[in-house]
There are 2 protein chains.
Amino acid sequence: MKKLAIAACELCESPGGPILWRNALARVAAVDEPDYPGFCRVILNRHAAEMTDLPELEQHALMSVVLAVEGVLRAVMRPDKINLASLGNVVPHLHWHVIPRFRDDRHFPAPVWAAPARTAGPARAVDTAALRAALLERLGPSLPA
Amino acid sequence: MKKLAIAACELCESPGGPILWRNALARVAAVDEPDYPGFCRVILNRHAAEMTDLPELEQHALMSVVLAVEGVLRAVMRPDKINLASLGNVVPHLHWHVIPRFRDDRHFPAPVWAAPARTAGPARAVDTAALRAALLERLGPSLPA
C-alpha cells in the first residue's frame, strides 16, 4: 500500500528553538535572532493554524502563556515596546512572536519584518537563565518534552 | 498658568477609521488599505500601551473581540490565513491588526509590512454590511461613540 504524501510541518517535527518553558498545550522557544535578543516564540504543541480553530479555553490558556512571556520580557529586558504577532503564512502552525523592541534596534519603529532602519542596533545581552526562572515563577513547573 | 505640553495620541483623539462595532472597552475599525480588503483594527478605547498594562479580565475581553473579528473575517472573506499583530511602535496605544491574507495578495507569504512580493493582488470586494452584521451577531449590540 502506498503511503499518503503528507506535507511536513516544521513545528510539528521540531521544537522550534531552545525551549525555555513548556506545558501540555504549548512551549516557549528562544529565537536565535542576533538583532533581537529576548525574541521568543510561543508555539502550540499540536497542529492548528488559527486561534479560532481552538476551543475558547485553549485560546485563553495560550494567550495567558503569550502574555506571561510579555510580562517576563518587560521585567527582565525593559524594552521600549513589546510586539506580538501570530502570522503563520509560511508555517501555518499556530505560534506567537513575542519581541522586545528598543528605540535603537535594527528596524524601530518599523516592524521587524520591514526594511531595516539602520545597519544594527547596539548589542544587548539576554539573560536566558533569568528568563527561564521568571517563566517558572509566573507559569509554574515546566514539563519535559 | 501654562498648559502642560501633552504629546497627542492619534488613537485617543480620533476613532482610527470607520467604526464597525464598539463596546465600552474597545472598537473595531475598518482599515482603508486597498491591498487588504477586510483589514480591521481592534482599538482599546482608553490609552494603554501594552497588553500587560491591562488587568487580566480586560486582556481576556479585548482578545475576545480580536478573535470575534478573526472569526467574522474567516466566515465572510474565506482567507487563506489570518494575521494578528499588536505592534504599536509608532502609535503606542493598544490596537490589534486583524488581517485576512490570501496566497495571491501583495505580500504573501511575507507579512504585510515586508517588501511586496508582487505589484498587486487581484481586487477583492469586502462586504462591510456583512462584516457589521456578523460582528453584531457574535458580539452583541454596538454602542454609540
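The following legends describe close-up views of a predicted two-chain model.

This is a predicted model in which local features need pLDDT of at least 70 and side-chain atom pairs count only at pLDDT 80 or more, while totals for chains, interfaces and linings use all residues. Residues are numbered from 1 along each chain as its sequence is written, chains are lettered from A and ligands numbered from 1 in the order in which they are written, and side-chain values use heavy atoms, with hydrogens and water left out.

**View 1. The two chains and the relation between them.**
Two copies of a chain are related by a rotation about an axis and a shift along it. Here chain B is superposed on chain A by a rotation of 180° with 0.0 Å of shift along the axis, at an RMSD of 0.0 Å (least squares on the C-alpha atoms of residues with pLDDT of at least 70 in both copies). This is the relation of a two-fold axis. Of the interface residues of chain B, 100% are also interface residues in chain A, so the copies meet through the same surface (contact means heavy atoms within 4.5 Å).

Strands of a sheet pair through backbone hydrogen bonds, either parallel or antiparallel. The open sheet shown has 10 strands in the order 1(A)-2(A)-3(A)-5(A)-4(A)-4(B)-5(B)-3(B)-2(B)-1(B), with antiparallel pairing (two strands pair if DSSP finds at least two bridges between them; strands are DSSP runs of E with at least two residues, helices are runs of H or I with at least four, and both are numbered from the N terminus). Its edge strands are strand 1 (19-22) of chain A and strand 1 (19-22) of chain B, each of which pairs on one side only. From one strand to the next, the twist averages 15° (axes are lines fitted to C-alpha atoms, for helices over the stretch in contact, and angles run from 0 to 180 degrees between N-to-C directions). I19(A) has A29(A) in strand 2 as its bridge partner.

Strand 5 (residues 95-101) of chain A has 7 of its 7 residues buried, so it is largely enclosed by the rest of the structure (buried means under 20% relative accessible area, exposed over 50%, and partly exposed in between, with a 1.4 Å probe and protein chains only). H95(A), H97(A), I99(A) and R101(A) point one way from this strand, whereas W96(A), V98(A) and P100(A) point the other way. Strand 3 (residues 40-44) of chain A pairs with strand 5 in the antiparallel sense over 4 bridges, and R41(A) has H97(A) as its bridge partner. Strand 4 (residues 81-86) of chain A is joined to strand 5 by 5 bridges, also antiparallel, with N83(A) partnered by I99(A).

Helix 2 of chain A lies across strands 1, 2, 3, 4 and 5 of chain A together with strand 5 (95-101) of chain B, and runs at about 15° to strand 5 of chain A. Helix 2 of chain B lies across strand 5 of chain A as well as strands 1 to 5 of chain B, running at about 15° to strand 5 of chain B. The largest nonpolar core has 59 residues, of which V42(A), L62(A), W96(A), V42(B), L62(B) and W96(B) touch the most other members (a nonpolar core is a set of buried Ala, Val, Leu, Ile, Met, Phe, Trp, Tyr and Cys residues joined through side-chain atoms within 4.5 Å). Apart from it lies another core of 10 residues, including V31(B), A85(B), L87(B) and W113(B).

**View 2. Salt bridges between and within chains.**
Over all chains the structure holds 14 salt bridges (a side-chain nitrogen of Lys or Arg within 4 Å of a carboxyl oxygen of Asp or Glu). One of them joins R74(B) and D53(A), at 2.9 Å from N to O. R74(B) lies in helix 2 (residues 56-77) of chain B and D53(A) in the loop between strand 3 and helix 2 of chain A, so the pair joins two chains. R74(B) is partly exposed at 27% relative accessibility, as is D53(A) at 37%. D53(B) and R74(A) also form a salt bridge, with their closest N and O atoms 2.9 Å apart. Within chain A, R124(A) forms a salt bridge with D104(A), the closest N and O atoms being 2.8 Å apart. These two residues are 20 residues apart, both in the loop between strand 5 and helix 3 of chain A.
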